[in-house]
Each structure stands twice: as structure tokens, then as C-alpha cells.
Amino acid sequence: MDEAERKMQFLYALRSRGVTNAAVLTAMERIDRAPFIRGYFAERAYEDMPLPIACGQTISQPSVVGLMTQALEISPRDTVLEVGTGSGYQAAILSELARRVYTVDRHSRLVREAREVFDQLALPNITAFTADGSFGLPDQAPFDRILVTAAAEDPPGPLLAQLKVGGIMVLPVGQSDAVQHLIRVRRTETGLDYDELRPVRFVPLVEGVARDG
Ligand code: SAH
């Protein structure tokens, strides 16, 4: 299969799994997933599957990346926070749609490697930090959009507090070894509205910065 054919199949798989937003599909067509997957598994970059990355973590399934991005309803002037940089792939997709993307991971190695790919792909509107993302980024807050790509039992309070009025947060909630649900939280003038999107499976949101990188 040649490059063009692989890309067609990749986009077809996304559409057939419900990724229909044109801007999201364009972003996913532009950002090559392969550079975010180092080593042996890179050749499977165009399959709609989660794959292992360093530090025992995973790069999410492309259709799940697409559905989460779509659920965020990003507009071009938005500032977005992503918790769980992992490979950096999701942040790169967000960076095509938003003005500014901040992304944090508790593993400094993942942050370092993701920064290398952001540089290589010339994506200057992403800033990556090593931090415990459950506390958000108080210095950069508030955010128009927040995406959490690791599962918490409940939406972390500091993240809810860093969401602007009119803002949207998408996150998986539930216990790591049980069924989790992707939920969307909207901050209104008067409070928070929740809706449940679909069942998902993510690695858990873990407390604290990893000591071994
Ligand atoms: N969005 C990533 C996939 C994320 S996997 C991608 O596109 O590849 C989930 C990530 O969340 C892991 O890298 C893990 O280290 C990170 N993580 C877990 N708990 C965290 C926390 N409290 N703060 C920041 N990152 C966390």
C-alpha cells in the first residue's frame, strides 16, 4: 500500500467511527502520526489503534483523538490545556485548531520527546511542561478548552476552576480497570452542565510528577 492509499484508509476509518467535523479531519490529515511513535510500532501509525509509547504509556486511538477533539468545539482564538501529553500527537492536532496549546505530562521524558517532535514539525504554538496536570496550570489559566487524556474518578477541582465561562472540558471519568465514560463539562454563567459521550478506556490520572522521568 502506498502513502496516499494509507492516508485514505486512515481518514476513512476516522469517518466511519464518527469523526465528521471537517476542520478536525483536515487537522488529522495534516499531522502525520508516525513521528510521535518511536521505534518498532511506528509502522503501525496509520492503524486505528492505541499503541505503546515510552514510560509504559499509550498513544490514543486516532478515532478517539478525533472524537475528543470534535467534542471540544474549538474555535481558532481558543487557548487549550491538555493534561497528558504522552506522545504529543493529540496536542499537535489541537494546535492546528486553536490559537495556543499548553500540554502537561507527569513524565519529563515524554515532555522532552514530544517537544522534539513539535520542533521537527514546526508547531510553535504548543508549550509543553512537566507537571501534575490535576492542578492545571494556574499561571496560564483560565482556559477556553481543557482536554484530559487520562482517567480520573471525578473531574479534578482545579481544572474546573480554570475553565472560562462558556468553556468546555472533555475528560474520561471512572476507575482505571473498569468502564470509563468520556464526559463533556460546560461552564455556564450559573454553573456546570455535564453530558456523557461514550464509553472509553484510558490509562489512569496518577498523582504527582514521576521521579524516574
Ligand atoms: N494524549 C496522549 C496520550 C496520553 S496517555 C497522546 O496523544 O499521545 C496519558 C498520559 O497522561 C500519560 O503520558 C501519563 O503520563 C499522563 N498522566 C497521567 N497522570 C497525569 C497527571 N497527574 N498529570 C500529567 N500527566 C499525567
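1. Is Ala-122 buried or exposed? Ala-122 is exposed, with a relative accessible area of 57%; here buried means under 20% relative accessible area, exposed over 50%, and partly exposed in between, with a 1.4 Å probe and protein chains only. Ala-122 lies in the loop between H5 and S5. Its phi is positive, about 55°, although Ala-122 is not a glycine.

2. Basis of the note. The model is predicted, so that local features need pLDDT of at least 70 and side-chain atom pairs count only at pLDDT 80 or more, while totals for chains, interfaces and linings use all residues. Residues are numbered from 1 along each chain as its sequence is written, and side-chain values use heavy atoms, with hydrogens and water left out.

3. Secondary structure. The chain holds six helices and nine strands. These are DSSP runs, numbered from the N terminus: helices are H or I over at least four residues, strands are E over at least two.

4. Overall dimensions. Along its principal axes the C-alpha trace spans about 55 × 40 × 35 Å.

5. Burial, contacts and surface. Of the 213 residues, 51% count as buried. Among contacts between residues at least 6 apart in sequence, 53% join residues at least 24 apart; a contact means heavy atoms within 4.5 Å. The chain exposes about 10300 Å², and carbon and sulfur atoms supply 49% of that area. Accessible areas come from the Shrake-Rupley method with a 1.4 Å probe, and for residues only the protein chains shown count as cover.

6. Charge. There are 23 positive and 28 negative side chains, and the centres of the two sets lie 2 Å apart. Lys and Arg count as positive and Asp and Glu as negative, with His and the chain ends not counted. Each charge is placed at NZ of Lys, CZ of Arg, CG of Asp or CD of Glu.

7. Helix H4. This helix covers residues 89-97, and eight of its nine residues are buried. Among them are Tyr-89, Gln-90, Ile-93 and Leu-97. Glu-96 is partly exposed, with a relative accessible area of 29%.

8. In one of them, Glu-96 meets Arg-30 at 2.9 Å, N to O. The pair links distant parts of the chain, with Glu-96 in helix H4 and Arg-30 in helix H2 (residues 22-30), 66 residues apart. Arg-30 is exposed, at 60% relative accessible area.

9. Which residues are linked in a network of salt bridges? The network consists of Arg-38, Arg-109, Glu-113 and Glu-116. Glu-116 and Arg-38 form a salt bridge whose closest N and O atoms are 3.3 Å apart. That pair also links distant parts of the chain: Glu-116 is in helix H5, Arg-38 in the loop between H2 and strand S1 (51-52), and they are 78 residues apart. Glu-116 counts as partly exposed at 42% relative accessibility, and Arg-38 counts as partly exposed at 43%.

10. Arg-184 and Glu-73 meet through their side chains at 3.4 Å, N to O. They are 111 residues apart, Arg-184 in strand S8 (residues 180-187) and Glu-73 in the loop between helix H3 (62-71) and strand S3 (79-83). Arg-184 counts as buried at 13% relative accessibility, whereas Glu-73 counts as partly exposed at 39%.

11. His-107 and Cys-55. His-107 sits in the loop between strand S4 (100-105) and helix H5 (108-120) and is buried, with a relative accessible area of 7%. Not counting residues up to four places away in sequence, His-107 touches Cys-55, Gln-57, Thr-130, Ala-210, Asp-212 and Gly-213. Cys-55 lies in the loop between S1 and strand S2 (58-59) and counts as partly exposed at 27% relative accessibility. Phi of Cys-55 is positive, near 60°, in a residue other than glycine.

12. Cis peptide. The bond joining Ala-141 and Pro-142 is cis, with omega about 5°. Pro-142 is in the loop between strand S5 (126-130) and strand S6 (143-148).

Terms used
Salt bridge = Lys/Arg side-chain N within 4 Å of Asp/Glu carboxyl O.
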